[in-house]
Amino acid sequence: MKRIGVTGHRSIPHEALTHVQDALHALLCGHSGSLEALSSLAAGADQLFAGIALECGAELTAVIPSGDYELGFDDKGELARYQWLRSRAAQEVRLAFAHATDEAYYAAGTYIADNCDRLVAVWDGRPARGRGGTGDIVSYAIGKGTPVTVIWRDGVQRD
């Protein structure tokens, strides 16, 4: 079974969204053989990746950074999507952090990078805005030799 993990931004500008969706569909649905998708189910790229992976027939592994992770969802729609995706996960890995901190996010990202054959990064190429951000996880994965596929629309910047 091939294992593909995700790291990515919580906000994807409208100008990049269709490009990101199309690229994720091509990557996940164009894969032959069984596929496991690893995601922390955060708002934005993680949820988009997980939903498309399920549509494409992949088994979903939810990597939950902390015991209070759900409290970090300010938007009710994003929380509902998280809960829906989590309920459809074939397995769940819950890290031992009590609270959702930058350290917990970093640990979840490195767990995904350590346990996948390829990391997909929905990433604008800029440095992380906090420890455990997309840029940190991409650097970590590259440093350990995990192949990374970056998906972003050229010329689009995040707010």
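## Helix α4

The buried residues of α4 are A104, Y106, A107, A108, G109, T110, I112 and A113. Buried means under 20% relative accessible area, exposed over 50%, and partly exposed in between, with a 1.4 Å probe and protein chains only. These buried residues pack against strands β1 (2–8), β2 (35–39), β3 (59–66), β4 (91–97) and β5 (118–122), and against helix α5 (134–144). Contact here means heavy atoms within 4.5 Å.

Helix α4 covers residues 102–114, 13 residues in total. From first C-alpha to last it reaches 18 Å, close to the 18 Å expected at 1.5 Å a residue. The expected span is 1.5 Å times one less than the number of residues. Helices (H or I, at least four residues) and strands (E, at least two) are DSSP runs, numbered from the N terminus.

## Basis of the model

This is a predicted model: local features need pLDDT of at least 70, side-chain atom pairs count only at pLDDT 80 or more, and totals for chains, interfaces and linings use all residues. Residues are numbered from 1 along each chain as its sequence is written, and side-chain values use heavy atoms, with hydrogens and water left out.

R158 lies in the segment after β6 (148–151). R158 counts as buried because its relative accessibility is 12%.

The R158 side chain makes two listed polar contacts. One joins it to the side chain of D124 at 2.9 Å. Another joins it to the side chain of H9 at 3.2 Å. A polar contact is a pair of N or O atoms within 3.5 Å; within protein, one must be able to donate a hydrogen and the other to accept it, and residues adjacent in sequence count only if both atoms are side-chain atoms. Leaving aside residues up to four places away in sequence, R158 touches H9, S11, P13, D124, R126, R129 and W152.

## Cysteines

A search of the whole structure finds one disulfide. C29 and C56 form it, with sulfur atoms 1.7 Å apart. The pair links distant parts of the chain, 27 residues apart: C29 sits in helix α1 (residues 14–29), C56 in the loop between α2 (45–55) and β3. The link is left-handed, at -55° about the S-S bond. A disulfide is counted when two cysteine sulfur atoms lie within 2.5 Å. C29 is partly exposed at 42% relative accessibility. C56 is also partly exposed, at 22%.

C116 is buried, with a relative accessible area of 10%.
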